Every structure is written in structure tokens, then in C-alpha cells.
Amino acid sequence: MTSPTPDKLTVDSDRLWQSLMDLAEIGAYRDERTGLRGVNRLALTDADAAGRRRVGAWMEEARLSVRIDQMGNIYGRREGADPSAAPVLTGSHIDSVATAGAFDGCLGVLGGIEVVRTLNDRGITTRRPIEVAVFTEEEGVRFGTDMLGSAVAAGRLTLEYAHALTDRDGRTLGGELTRTGFDGPADVRLAPPHAYVECHIEQGPVLAEHNVPVGVVTGVQGISWQEITIHGRAAHAGTTPTRLRADAALAAAQIIVQLRAMVDSGAYGELRATVGHLNVHPDLTNIVPARAEMTVDLRNPDDTHMVRAEEALAAFLRDLEDSQPGLTLATRRMAQTAHVPFDKSVQKTIAQAADDHDLPYIPLLSGAGHDAQEIAAICPTAMIFVRGEHDGISHNPREYSTPQACAHGVNVLATTLLRLANED
Ligand code: HGY
Ligand code: MN
Ligand code: MN
């Protein structure tokens, strides 16, 4: 008599934590200023490739059949009783920003593998297959477009566009896939899964402020990335009168101040604006900068406010050109995604799982972008947030969540995946 399939799953939290700490050793560095250990695994660097090989080995140990697609996305598949049924997909990314912690993305990938390990330990067969995904270049900080692998898998961006993207040294993503051996044969377009659930550290202070361990994510706010190149005129810092200058650095500073004024005005809703990348040329003390390059990252939960903010910025750039004769500005679109609402029914399944694990939760919108916002275009999708410490700092070596908090989130993930994988 086969034992009835349980309806709730609890994972091995020590094994999950060990995987997180082991993966964090790959691409680890010591932050000189703070002495903290951070992680630097930019997409398709040798460190990322080493991390991918380690995760691939863990997938195989968990008896997943592993395939790699033309974008280097990795999928580990656990068969179900009905192999023809659309799989339940989970996962995230293991590429990181250059100053990362151990959790961003990795918790979703290693949490998915831990769920599989637990199903194996318990001898549970689900009706539907379960797949664990590792998406390529989620961060977008090397090749300039975020959620890249998942956006191509879901059909929003083309493989040709993605392969042709270059990093600051001119290396193409396609070339780096080949160099690292992750230019896989599997077709990049993902057949629509039954559902997708991603577990991710919150990367913000909201769960801690509400003193709850779990977040049921209702969607992701809009994202707009653009690069602005400002051309002025190099000139001697001592001999050139101000009236004769076309100062690219001054223009860059005016843009930064204007962005903050737009945010503070409240006229664009809950707009957030960040100039994360800025450099000037020739970058020497006694030369008026001839050129400035900067990136502008805008976030807004409301698409109408986002469009108005982008239009206001464009108008400001036009006026700025007129303000200093000899100044010209060029912009390049890097990424743009609208607010993405998540599926209500998957959110309900997550909430029910949290209840069944006696875990308080709140619904919240994601401030950060995630692969889930791309996969939401092809199947019912939602996310589970895990509480972070230190005000939820992320994209920083201080990013931290506790073994208990990670176990809470992955237990909710496990029970959610189990129930979805047994749905008709
Ligand atoms: O930028 C983001 O929101 C995400 O971390 N890629
Ligand atoms: Mn992430
Ligand atoms: Mn991130």
C-alpha cells in the first residue's frame, strides 16, 4: 500500500544553508573597507561558470536531468507520474552584482534543489514534473540588460539581441557563452510551465518592519534603464574662462540633481531614481571634462507615472543641451519593463502554504526586478520573499538572512510546489 502523498513538506534547513554557504565561496572576495566577505560572480565570468558547474553537479546528485539552452539557462528536471504534463517551474539566478552577498538569486535556485532533495528523501512522486531553473544574466550589470536569460526564454527579447550585447571590454554575451561552455543546444524558448514560483530574499526592509518572516509577492514595479553620454569640450582648467566652457561633468551633475528634484516633487508617484554608473573623460584634475557617461535607473509601481518621468527627463536633457553651447547629449535604452502583476491563484497557494506552516505573512510588491516578472508572461507566476537583516540591505556584502528565515521561505516553497505539482 503506497503511503498517501503528504500535502506539506519541510526541508532539511542545514543542508540548504550549507549549499548557500558553499556557493558563496565561489567568486568570494574580501571587501577592503569593511573586511566583509562578498561575492562577485558577474554573468558568464569564470566565477559564474564555476558556480554554474557546482549547481549543475548538485542537480545531478539530486537525480535531476539537466539541460542547457542557447542562452546558457540551465534547467534541472525531476520527472512526474505524468511526464507529458506541463512541469511546475521554480528557480532564479546565481549571477551576481560585483559586490553581492550570498542570497540574491541563489536562495531561489538552491531552495528549488533542496525541495527536490527532500522529495527524493521522502520517496514522493508528484503528478507533474518539477523543474529548477538557473537564468542567465539576471542582474544585467555586465551586459547591460537585466532579466536577460528569462526574457529570451519567455520571448520578450530575441536570442540575436542578447547574444550581441557586449560588456565594457567589448566581449559579446554569445562569445562568453561559448568561452565558458554554456552555449547549450536546448531551444531557448521555454514551453509554458504549469506555474512558476520563485523564492527570493526581499532585498528591502518591509518584512522586518512588519515583523513577519514571509512575503507573498503581488508583482514587480516598472523598471527603466538608460545610458546617457554627454559630449562637451576638453579645456584647460586654469586658462579657460567659464563662459567658454562646455563642461560634461557639470551637465552630469545637473542631471543627478534634477532626478532627485523629480523624486522629491511627488509629481511622479513613488518614483525612485539612481545614477549608479558615472565616469568622466579624460578624468584628470586640470582638464574640463570633454565627456561624461552615466546610467539612469528609474523604478515606479505606476506605469503612467513612469512614462511621465521618462518624458520629463528627456525634456530636461533637451533644455540642458541648449544651456551650454557645444554640449550634446545622446541616450541609449538599456532595459524597460512595465509593472508586472503576479497570478492571484498562485499567490493564494503560497499564502495557504504559509498558513499551514504557521508562518505569518504579508502581501507586498517587489521593489527589485526578478526573473519571475518575465516568466509571468507565459504561465501563472508568483514569488515568496524571505526576510533580510540589516534593513534588508542587498547588492552589498552585508546582505544577510538567517538559516531559520531561509528555511521558512523554502518550506513555503516546498509545500507550494508540491501542491501545484499535484494539480490537474
Ligand atoms: O536590478 C534589480 O532590480 C535586480 O536586482 N536585477
Ligand atoms: Mn535577484
Ligand atoms: Mn539583484
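Which side chains does a polar contact of 3.5 Å join? The side chains are those of His370 and His200, where a polar contact is a pair of N or O atoms within 3.5 Å; within protein, one must be able to donate a hydrogen and the other to accept it, and residues adjacent in sequence count only if both atoms are side-chain atoms.

Good morning, colleagues. The structure under discussion is a predicted model, in which local features need pLDDT of at least 70 and side-chain atom pairs count only at pLDDT 80 or more, while totals for chains, interfaces and linings use all residues. Residues are numbered from 1 along each chain as its sequence is written, chains are lettered from A and ligands numbered from 1 in the order in which they are written, and side-chain values use heavy atoms, with hydrogens and water left out.

Let me stay with His370. This residue is found in the loop between strand S17 (361–366) and helix H11 (372–375); helices (H or I, at least four residues) and strands (E, at least two) are DSSP runs, numbered from the N terminus. His370 is buried, with a relative accessible area of 0%. Here buried means under 20% relative accessible area, exposed over 50%, and partly exposed in between, with a 1.4 Å probe and protein chains only. A polar contact of 3.1 Å also joins the side chains of His370 and Ser366. Neighbours within four places in sequence aside, His370 is in contact (heavy atoms within 4.5 Å) with Glu138, Met147, Glu198, His200, Gln203, Met383 and Phe385. Met147 lies 223 residues from His370 along the chain, yet their C-alpha atoms are separated by 6.5 Å.

I turn now to the metal site. The manganese ion (ligand 3) is coordinated by Asp104 (OD), Glu139 (OE), Glu139 (OE) and His395 (NE2), at 2.1 to 2.7 Å. Donors are N, O and S atoms within 2.8 Å of the metal (3.2 Å for Na, K and Ca), and water is not among the atoms, so sites may look incomplete. The donor residues of this manganese ion (ligand 3) follow the spacing D-x34-E-x255-H in sequence. Asp104 bridges the manganese ion (ligand 3) and the manganese ion (ligand 2), which lie 3.6 Å apart. Distant parts of the chain are linked here: Glu139 sits in the loop between strand S6 (130–134) and helix H4 (148–153), and His395 in the loop between strand S18 (381–386) and H12, 256 residues apart. Glu139 is buried, at a relative accessible area of 7%, whereas His395 is partly exposed, at 39%.

Next, the nonpolar interior. A nonpolar core is a set of buried Ala, Val, Leu, Ile, Met, Phe, Trp, Tyr and Cys residues joined through side-chain atoms within 4.5 Å. The largest holds 93 residues, of which Leu20, Val55 and Leu110 touch the most other members. Helix H12 (residues 403–421) gives the most to this core, with ten residues. Of the 19 residues of H12, 16 are buried, so the helix is largely enclosed by the rest of the structure. A second, separate core of 23 residues includes Ala292, Val296, Leu313 and Phe316.

Leu313 and Phe316 bring us to helix H9, where both are among the buried residues, along with Met306, Ala309, Glu310, Leu317 and Leu320. Why do these buried residues line one face of H9? Seen down the helix axis, they fall within an arc of 125°, so they line one face; the arc is that of the directions from the helix axis to the C-beta atoms. The face turned away carries the exposed residues Thr304, Arg318, Asp319 and Asp322. The buried residues of H9 pack against strand S9 (222–231), helix H8 (248–265), strand S14 (291–300) and strand S15 (328–337). At the start of H9, a side-chain oxygen of Asp302 comes within 2.8 Å of the backbone nitrogen of Thr304.

Finally, helix H8. Its buried residues are Ala248, Ala251, Ala252, Ile255, Leu259 and Met262. They fall within an arc of 105° seen down the axis of H8, so they too line one face of the helix. The opposite face, turned away from the buried side, carries the exposed residues Val257, Arg260 and Asp264. Asp247 caps the N-terminal end of H8, with a side-chain oxygen 2.9 Å from the backbone nitrogen of Ala249. After H8 comes Gly266, whose phi is positive, near 75°.
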